[in-house]
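Look at the sequence and the model first, then read on.

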Amino acid sequence: MAIQSIVDEQETEYQKGVKQLYEKGIKKLPRKYILPSHERPTKDFATKNGGIKQNIQLPVIDFAELQGPNRAQVLKSLANACENYGFFQVVNHNIGDGVISDMIDVGTRFFGLPFEERSKYMSANMKAPVRYGTSFNQNKDNVFCWRDFLKLMCQPLPDVLPHWPSSPQDFRKSAATYAKDTKHLFVMLMEAILESLSPAPETAAFPTADGEVVDEMEKELMEGGSQLMVVNCYPPCPEPDLTLGMPPHSDYGFLTLLLQDDVAGLQIQHNDKWVTVDPIPNAFVVNVGDHLEIFSNGRYKSVLHRVLTNQSRNRISVASLHSLPFEYTVRPWPKLISEQNPQRYRDTDFATFLQYISSCEPKRKNFLESRKIC
């Protein structure tokens, strides 16, 4: 009984998150966070990368150019990025430096609050408008990740805003401004992606019945849609070679817009190797989600990515995940289906996704794989 009591006490501590462990000054990584040897980042570097940490220069999309006379050329670059990388970086996006720095600042200060203040927002309800937690899926993870998070539902903003943290005092104002601006950027990027996917991208209107699918989707994205903002905190880790900040996974939505501070940590799988994405100041890292892979019938790829930890610096990132409304069904665009290119994915919705991750430990791209038509 005494041993079980100790185990239960340790489990309770782990549920409180890694910020707590870091603040206690631990020198060794608890067993709960130690990955099997074949899943640790060092083994990847040693066997696949020749022991050298490799970095990648993602395609860069200049948003200002996308809105100008070079749009056709930029659309080609965008299509290439979505097909061959599943990731790109966006610069000159018109979101002010102050909005970006304020979001990183209030996120950092939120995680600096006493645990008693942060824990007010702990919830097992995945549909809660605000949820504070740890790891990747702390109810299912056998091995925990070195990460704490704050998840904020952003739509409809007037309804959810009163539930958001009221401390720090400027948190709601800064986060709401950031949510509005990233939503607008997402809509503009999706318009470009739809144009790049169309068999006739130079045609502004969609006169066929198939075009109604896009018209309806654009309307839903513009007027509603779902937006989940995740503020991630990765404190310094005593043994970063034994764990990960987040495991290999893909994102469920259409696009994710990621804001990083100046601490590198994001890795993507490219050409069967794990490569590190260097942060570009005030740029957004954008990745294709599972829903966009389904809608494009596999032309655009959602890509596995993960997060490394480090021993010396705190890392903050803000991910803004965008998709259609939760009740909306996502299916391949009929315009892309033909005899030569048959439908490759089943229809899906958010309820199906929730049911899937509630029934098992989410790993890699397992959910997307479950939607493929063999």
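The axes of helix 6 (residues 97-111) and helix 9 (residues 171-197) come within 9 Å and cross at roughly 135 degrees. Helix 6 is therefore oblique to helix 9. Axes are lines fitted to C-alpha atoms, for helices over the stretch in contact, and angles run from 0 to 180 degrees between N-to-C directions. Helices (H or I, at least four residues) and strands (E, at least two) are DSSP runs, numbered from the N terminus.

This is a predicted model: local features need pLDDT of at least 70, side-chain atom pairs need 80 or more, and totals for chains, interfaces and linings use all residues. Residues are numbered from 1 along each chain as its sequence is written, and side-chain values use heavy atoms, without hydrogens and water.

**Nonpolar cores**

- The largest nonpolar core has 87 residues; Leu150, Trp164, Ile193, Met229, Leu255 and Phe284 touch the most other members.
- Helix 9 gives the largest share of this core, 14 residues.
- A nonpolar core is a set of buried Ala, Val, Leu, Ile, Met, Phe, Trp, Tyr and Cys residues joined through side-chain atoms within 4.5 Å.
- A second, separate core of 9 residues includes Tyr14, Val18, Cys237 and Leu242.

**Whole chain**

- The protein chain has 13 helices and 13 strands.
- Of its 374 residues, 53% count as buried, meaning under 20% relative accessible area (1.4 Å probe, protein chains only).

Definitions and conventions: Angles under 35 degrees count as roughly parallel, over 145 as roughly antiparallel, 65 to 115 as roughly perpendicular and the rest as oblique. Buried means under 20% relative accessible area, exposed over 50%, partly exposed in between (1.4 Å probe, protein chains only).
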